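I want to know how the two chains are put together.

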Amino acid sequence: MTGLLTEAHRAWIGHETPAVEVEVSRRDIIKYAIATEQVREIYLQGDEAPLMFIFNLFGALRPVSALREDGLPSGTSAGPKLPLQRVMAGGVALSIHRPIRPGDRLTGVNRITDMYEKSGRQGPLIFTERELRVTDAAGESVLVEKQTSIAR
Amino acid sequence: MRISELHVGDALPERAHTPSNVSLFLYNAAVWNPHRIHYDETYARTAEHHPGLVIDGPLQGDWLAQCAANWLADHGSLERFQYSNRQAAYLGETLTSGGKIVAIDPVERLVTLELWVTNAAGEVTSPGVATVRLTG
C-alpha cells in the first residue's frame, strides 16, 4: 500500500449515480450496426442490438456549451478527486442475461464497487471499479458491466 | 454447429477492419462520443500528441464481440464478454480480429473463446475473452 487513498476516498465505495432511463429504438440499433459494419441481418435489420451497443448508452447528454476543450463533458464519472490525475481505462467485463431489442425501456445504475492501490513499476496506481447494472421495464436484469479505471 | 464437433484450438474466422474517416465519424456519432481525438486531426496531433486520429477502444471491443457473435450465429448466446485496450491504433491502420477456442464444457454446453485484435505488426491492441452457451 502506498497510502494515497484516505477514508474520505474510500467512503465513495458503494456510491450510486441516479438511475438513467433509455428507450431503445430500432433506428438507433441500425445506425450502430451500420457504423460498426455488422454482417448479421439480425443486427442490420435492428431486430437485436450488437453487444457493444451498450457502450455509452447511459452516458451523459450535455449541451455543447458544457463540453470541454477536448469535446468531452466534464465530471461525468462520479467519484472523488484522486491524488493521481492521469486516468486510463482498464478492462471491461460484461455478464449478459438477455439481448437488447427495439422497444426496450432500460434503466442503468452505476455504482463504485471498489477502490484500491497497487505499486506499479513506474509508481503508485489507484484502481477504481465501477458496476453498471442494466434492468428492463419488468425489473429483470439485462446485463451487468464491470469497468476498471486506473489512475497513475 | 454441434459442441461435439468443436475442439480446443479451433480458430475463429479472421476479419480485417480498416476504418475510414466516414465510418469512424459514424461510430462516434452513434455512441455519442464528442472526443476530438477521433475526428479533429489537428487537435489530436497538437493538443493530445497522437500521430493521427485515434480508432476508438470500444470499437475494437465491438470487433471482438462481432468475432464471437458472427462465429456463433444463431447457435447459442453470448453469456460473458471481457476486453481491454492495450495499445492505441490510428486511422489508416488495418486491424485484424480473430480468436480461438480455449475451453469446452460439454455438460454446461459452454465454450470459452480467446479473442484478439492485432495491428499490421502482429501486436495485440485489444485482447478479449468470451463465453458462449450453445443451444445445439
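Below are my entries, from the ground rules to the core.

**Ground rules.** I'm working from a predicted model, where local features need pLDDT of at least 70, side-chain atom pairs count only at pLDDT 80 or more, and totals for chains, interfaces and linings use all residues. Residues are numbered from 1 along each chain as its sequence is written, while chains are lettered from A and ligands numbered from 1 in the order in which they are written. My helices (H or I, at least four residues) and strands (E, at least two) are DSSP runs, numbered from the N terminus.

**The sheet.** I looked up the strand order first. Ten strands make an open sheet, running E1(A)-E3(A)-E4(A)-E5(A)-E2(A)-E2(B)-E5(B)-E4(B)-E3(B)-E1(B), with antiparallel pairing. Two strands count as paired if DSSP finds at least two bridges between them. At the edges I find strand E1 (20-23) of chain A and strand E1 (11-17) of chain B; each has a single partner strand, so one side of each is left without a neighbour in the sheet. On average, neighbouring strands are turned by 25° against each other, direction ignored. For angles, axes are lines fitted to C-alpha atoms, for helices over the stretch in contact, and the values run from 0 to 180 degrees between N-to-C directions.

**Pairings, one by one.** E1(B) is joined to strand E3 (residues 95-105) of chain B by five bridges, antiparallel. In that pair, B:Ala16 has B:Thr96 of E3(B) as its bridge partner. In chain A, E2(A) pairs with strand E5 (residues 141-151) over eight bridges, antiparallel, and A:Leu94 is bridged to A:Glu145 in E5(A). Where do the chains meet in the sheet? E2(A) and E2(B) pair there, antiparallel, over four bridges. I noted A:Ser95 opposite B:Arg80 and A:Val92 opposite B:Tyr83.

**The interface.** I count a contact when two C-beta atoms, placed from the backbone, lie within 7 Å. By that rule 27 residues of chain B are in contact with 27 residues of chain A. On the chain B side, H1, H3 and E2 each supply at least two residues. The largest share, nine residues, is from H3(B).

**Helix H1(B).** Buried or exposed: which are B:Tyr27, B:Asn28 and B:Ala30? They are buried, in helix H1 (residues 21-30) of chain B. Buried means 20 or more other C-beta atoms within 10 Å of a residue's own, exposed means 12 or fewer, and partly exposed is in between, with C-beta atoms placed from the backbone. Down the axis of H1(B), the buried residues fall within an arc of 160° (taken from the directions from the helix axis to the C-beta atoms), so they line one face of the helix. B:Asn21 and B:Val22 are exposed, on the face turned away from the buried side. Cover for the buried residues includes helix H2 (26-35) of chain A and helix H3 (57-72) of chain B. After H1(B) comes B:Trp32, with a positive phi near 55°.

**The core.** A nonpolar core is a set of buried Ala, Val, Leu, Ile, Met, Phe, Trp, Tyr and Cys residues joined through C-beta atoms within 7 Å. The largest one has 49 residues, and A:Leu51, A:Phe53 and B:Ala68 have the most contacts inside it. H3(B) gives this core its largest share, nine residues. I also checked B:Ala68: leaving aside neighbours within four places in sequence, its contacts include B:Leu78, B:Leu113 and B:Val132.
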